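Thanks for making the time this morning.

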2 protein chains.
Amino acid sequence: MAEIQNKEIIKRDDNFADWYTSIVKKADLVDYTSTKGSMIIRPLGYAIWENIVNVLDSEFKKLGHENVQMPMFIPESLLNIEKEHVEGFAPEVAWVTHGGKEKLPERLCVRPTSETLFCEHYKKIIKSYRDLPILYNQWCTIVRWEKTTRPFLRSREILWQEGHTMHATSKEAMDETLRMLKVYEDFQKNYLALPVIVGEKTEKEKFAGADKTYTIEAMMYDGYALQNGTSHYFGDHFAKAFGIEFLDKDNKLKTPYQTSWGCTTRMIGAIIMTHGDDQGLVLPPKIAPTKVIIIPIGKISEENKAYLKAKELKEELLNAGITVKIDETDKTPGYKFAEAEVKGFPIRLEIGNRDLENNVVTLVRRDTREKITCKIDDITKEIPKLLDTIQDDMYNRALERRNSMLYEANSYEELSELSKKPGFVKINWCGNSECEDKIREEFGLKSRCIIEDEKADGKCPICNKDGKHKIYFGRQY
Amino acid sequence: MAEIQNKEIIKRDDNFADWYTSIVKKADLVDYTSTKGSMIIRPLGYAIWENIVNVLDSEFKKLGHENVQMPMFIPESLLNIEKEHVEGFAPEVAWVTHGGKEKLPERLCVRPTSETLFCEHYKKIIKSYRDLPILYNQWCTIVRWEKTTRPFLRSREILWQEGHTMHATSKEAMDETLRMLKVYEDFQKNYLALPVIVGEKTEKEKFAGADKTYTIEAMMYDGYALQNGTSHYFGDHFAKAFGIEFLDKDNKLKTPYQTSWGCTTRMIGAIIMTHGDDQGLVLPPKIAPTKVIIIPIGKISEENKAYLKAKELKEELLNAGITVKIDETDKTPGYKFAEAEVKGFPIRLEIGNRDLENNVVTLVRRDTREKITCKIDDITKEIPKLLDTIQDDMYNRALERRNSMLYEANSYEELSELSKKPGFVKINWCGNSECEDKIREEFGLKSRCIIEDEKADGKCPICNKDGKHKIYFGRQY
């Protein structure tokens, strides 16, 4: 990862890529180290991740999932068991070859994903229909040896969760695949304020070893796609390769059906690239570690009434369940305001001695930068309402922008024209991967996902055969 | 790790080591994989760890610590910066030499601990006294290439937390070292019901690169010691090696002082080896993921009144904030009772149709296996009280047993005699590491810790010189 030396924020519309890198650095989300391709997730970045983990983990548990922890290393022979899987992952794993001073008899890869480990375990613990379904999840770090990396978006080390479930029937496994896709979709809409498109990946784009891959596709401010979570239906591929069988109620030995689903710290990248602006990070209130930053005007001293009041208000807000901090540094108010904006606190509460006389404070919305005068007595009533409004407005603005960059192409010419614009283009697709390849080669667009609830109603713009699916194409991170 | 094929529980007094291994396997805490030296932490084991993490993490945060995430790889040149540190760790790290198909220009070790990464970061972010103290913590997996491994006690992969803090003065850093030691001590006493001895490690036993290492020493049922958490005062060793400096209030450039402190999944091993018995695991109520297991007598069917009542009681207990499960399998009651004991649920609630007529249930304490008849109407009042009693009794029994295995040797002969008994032996120690070595060579005992609040009052039993410290010796895991 190239280090941004200059911590100034680049203008978002001037150079979106540099703007992004300047935000992650200036908001103190990440730092670089001499471990190339990896990053330090700093306190603010990690606190956002902790909030994501807490919400998702509790959703998973409500649905009956249990957490486990697998080894981080996979022996090469174990990785090799499922053919498509190893072909997909072996080129991008890190290999451990030595332990201490000794060369290992077999090299170990650092897990790029853990299907093989889960399957080895499942073979041991699944005997009967009584053992099914098994609904396991793991929070951990995985490694994929990427050539070019960008903080949160593409990194050699990734924090994520991987769910792995086993079911007695194909239908149950497919239901689970779609159920978890829905959990991701709801979470990203309701907490991260991301309007997302969900659907099935094409044969070409699916996970190595999966029968079907479903994806959550978010569109960034610049019109690029970010794949923001996937849910896979494996059928019985892996189970057969690993020899997993169970005795069913009818006393017959059967092969179980499997799913896996995962999402990563990449979601933090999506928050930044969807909501951020020229002043810095804008955090959706529901995922912001600190909802309110209080900035007392004047000196931080026990003689400053504004500071004393700030401390009172902080306690009041904490008691009302609202996370809050006071900026108690000796910087100037102007500097503090700018820093509060860079770090994306949803609400800035300013309080000066003149405000105190009038029994009011100023609330500044981070998303719109609008200033609102609020009676001091009303803050625990008004702030939760304002946080909800900010959350809704952020989603709606993102939705509006996203919708303004969704196009439909009904011919080769239209596709050619629309492919120059930022955003996603919907087409009727014949289902043939040669046409998919051509669209990538000619226009630089990759398939995003097949749209589930829309039927094809025209010709494929490439081969002119009847469309089988409606599908989105777009550029991607 | 050798796999225990026979899942039967060995008698604790027959063979403590085999008993331990049978418990971790039979209680479904861990499983083995083809990744040698690593383990799978299964749902019950991981849920215990999650409870440990939740309590400790909230204690750390109350004291102002923030979580971060460092890379899992450390370039060899970075590990090499602090001399004592690299000498201590290099022989036991795993080395990544290849990324995909390419040989790396510099090999990377999988972090055995992260002082070097934190220092590299601190050098960048510490400029002024205003930046201090920095109180960071990280939850992650580390790797140490152990030759012989045992689940939770000594494993190649270890889940842990590592706190790393930087301070303007030596005194502040020492205060922090002792403050965090106290957090560990209180946690282990109050939550894990472990009577622990705290004190300073000898020069020989301290952490590679530390000025002083403080330790939490627990004594297992068999009298062996388990080092169950350490807190290190680094002085300015690392800071100097990494060139970390800050501009102090007096406008002078100074070197900051550093601490680190960590504890691991090993604590789960300590719970098992302190409280477990011939029937299986015994979990202290405060850390048990599920406090009460309800076993309805008779068929699991909507026609069985005992089962219907069990479901009602479950809701009642959940509403009272008590975690609870019903065993809804079709196994026999006898099998269910035994399984509930193996898995260590603090209270088993049995309910049959005859109980229903009398409006009572039977509560069975896991720790004493005592049966208590309880009025159905009283369960949300009686169960929390009983859980507190169990917690206290478990601590007191462990304390009594531990104290019965603490000895004091005032001469070579006494030391020789007492070293044959299980437990710790206290001696007056001259402070010389040659005497420490001799005690290990002749009696197989290693120093545990220097006792802080007790003055030496006699001669060293080895060299007969004046004692400098009172110190414990013992065998260790």
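**Where the two chains meet**

Let me begin with one pair of residues: His98(A) stands opposite Trp95(B), which belongs to strand E5(B). Please bear in mind throughout that what we are looking at is a predicted model.

Stepping back to the whole interface, 43 residues of chain A are in contact with 43 residues of chain B. Several elements of chain A give two or more residues to this side, including helix H2 (43–62), helix H5 (115–125), strand E6 (102–110) and strand E8 (157–167). The most is given by E5(A), with 6 residues. Sorted by class, the side of chain A that touches chain B has 22 nonpolar, 12 polar and 9 charged residues.

Now to the layout of a chain. Chain A is divided into domain 1, covering 42–275, domain 2, covering 292–387, and domain 3, covering 406–474. The centres of domain 1 and domain 3 of chain A, taken over C-alpha atoms, are separated by 28 Å, and 14 residues of domain 1 are in contact with 13 residues of domain 3 in that chain. On the domain 1 side, the elements that give two or more residues are strand E9 (196–200) and strand E10 (212–219) of chain A. That side of domain 1 has 3 nonpolar, 4 polar and 7 charged residues.

Let me turn to chain B, where strand E10, residues 212–219, holds Ile216(B). Is Ile216(B) buried or exposed? It counts as buried, because it has 25 C-beta neighbours inside 10 Å, and the cut-off for buried is 20 or more. Leaving aside residues up to four places away in sequence, Ile216(B) touches Tyr184(B), Glu185(B), Gln188(B), Val196(B), Val198(B), Asn228(B) and Gly229(B). From Ile216(B) to Cys263(B) there are 47 residues in sequence, while their C-alpha atoms are 9.6 Å apart in space.

Finally, a word on confidence. The model scores ipTM 0.95 and pTM 0.96. Chain A averages a pLDDT of 95, and 98% of the residues score at least 70, but over residues 1–6 of chain A the pLDDT is below 50, although this stretch has 10 contacts in the model beyond near neighbours in sequence. Where pLDDT is low, the predicted coordinates should not be read in detail.

Note on methods
Residues are numbered from 1 along each chain as its sequence is written. Chains are lettered from A and ligands numbered from 1 in the order in which they are written. This is a predicted model: local features need pLDDT of at least 70, side-chain atom pairs count only at pLDDT 80 or more; totals for chains, interfaces and linings use all residues. Domain bounds come from an automatic or database domain assignment. Two residues are in contact if their C-beta atoms, placed from the backbone, lie within 7 Å. Helices (H or I, at least four residues) and strands (E, at least two) are DSSP runs, numbered from the N terminus. Ala, Val, Leu, Ile, Met, Phe, Trp, Tyr, Cys and Pro count as nonpolar, Asp, Glu, Lys and Arg as charged, and the others, Gly among them, as polar. A residue is buried if 20 or more other C-beta atoms lie within 10 Å of its own, exposed if 12 or fewer, and partly exposed in between; C-beta atoms are placed from the backbone. pLDDT is the predictor's confidence in each residue, from 0 to 100. Two strands pair if DSSP finds at least two bridges between them.
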